[in-house]
Amino acid sequence: MFKLLLGLYQPQKGEILLDGSSPDVHPKNQRHFLAIYEQGVALVDGTVKDQITLYDDTITAEMIDKDLALVGLTDIVKNLPQGLNTPVSDINLLQGQLQLLMIARSVVCDPQILLLDEMNASLSLDRETEAKVLKAIDAASSGRTVLSISHRRGAHDGRIIKL
């Protein structure tokens, strides 16, 4: 289902429309409508800022600041040697901080729809860090349509809006 929504698969019959358009019609603007948060961490070459923007020049400093506050990374990023411009290869972020960065990447463009892929696969997080990640997911989910995949029974625990 997620791959259909993301335009990675084509339906065998009929069509998938999001807000009246095919998901793959406007790939450059897709992050402004639909975003995905996956359980894994997929860093790109570049700075901390690049991890969030994915080199999208339309993302403003204000959008990034709002996003970092939403996921609770403002102070951590401010304390990096070059702030947002610190090369990601020069820092050693903890697993939970990396997950928060991926949540920030997912919602920086304020998408209407957020896809959560195995959001509770906590990848060896301690309780405190898992609580921070779940709090960030709750904040990121607010005011959006959220679709979530989980292979763990009872994983969502009522935290996600039910459709």
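Modeller: Happy to! One term before we start: two residues are in contact when they have heavy atoms within 4.5 Å. Also keep in mind that this is a predicted model.

Colleague: Got it. Leaving aside neighbours within four places in sequence, which residues is Leu 54 in contact with?

Modeller: Setting those neighbours aside, Leu 54 is in contact with Arg 31, Val 44 and Arg 105. Take Val 44: Leu 54 is 10 residues from Val 44 in sequence, and their C-alpha atoms are 7.6 Å apart in space.

Colleague: And where does Leu 54 lie?

Modeller: Leu 54 is in the loop between helix H2 (48-53) and H3.

Colleague: Let's zoom out. How many helices and strands does the chain have?

Modeller: There are six helices and three strands. Starting at the N terminus, the order is α-β-α-α-α-α-β-α-β.

Colleague: What share of the chain is buried?

Modeller: Of the 163 residues, 41% are buried. As for contacts between residues at least 6 apart in sequence, 70% join residues at least 24 apart.

Colleague: Now the helices. At what angle do H5 and H6 pack?

Modeller: Helix H5 (residues 95-107) and helix H6 (residues 127-141) pack at about 5°, and their axes are 9 Å apart. Angles under 35 degrees count as roughly parallel, so H5 and H6 are roughly parallel to each other.

Colleague: Which residues make that contact?

Modeller: From H5 you have Gly 96, Gln 99, Leu 100, Ile 103 and Val 107. H6 brings Thr 129, Lys 132, Val 133, Ala 136, Ile 137 and Ala 140. By class, the contact of H5 with H6 has seven nonpolar residues, three polar and one charged.

Colleague: Switching topic: what is the volume of the second largest pocket?

Modeller: The second largest pocket has a volume of about 280 Å³. It is lined by 16 residues, and those nearest its centre are Ile 76, Gln 97, Leu 100, Thr 129 and Lys 132.

Colleague: Which helix gives the largest share of that lining?

Modeller: That's H6, with five residues. Helix H3 (61-71), H5 and H6 each supply at least two residues of the lining.

Colleague: And how does the lining of the second largest pocket divide by class?

Modeller: Eight of its residues are nonpolar, five are polar and three are charged.

Technical notes: Residues are numbered from 1 along each chain as its sequence is written. This is a predicted model: local features need pLDDT of at least 70, side-chain atom pairs count only at pLDDT 80 or more; totals for chains, interfaces and linings use all residues. Side-chain values use heavy atoms; hydrogens and water are left out. Axes are lines fitted to C-alpha atoms, for helices over the stretch in contact, and angles run from 0 to 180 degrees between N-to-C directions. Helices (H or I, at least four residues) and strands (E, at least two) are DSSP runs, numbered from the N terminus. Angles under 35 degrees count as roughly parallel, over 145 as roughly antiparallel, 65 to 115 as roughly perpendicular and the rest as oblique. Ala, Val, Leu, Ile, Met, Phe, Trp, Tyr, Cys and Pro count as nonpolar, Asp, Glu, Lys and Arg as charged, and the others, Gly among them, as polar. On a 1 Å grid over the protein atoms alone, a cavity is a set of points where a 1.4 Å probe fits but cannot get out, and a pocket is an open set with protein on both sides within 12 Å along at least five of seven lines; lining residues have an atom within 4 Å of a point. Grid points are joined across faces, edges and corners, and a volume is the space filled by probe spheres set on the points. Buried means under 20% relative accessible area, exposed over 50%, partly exposed in between (1.4 Å probe, protein chains only).
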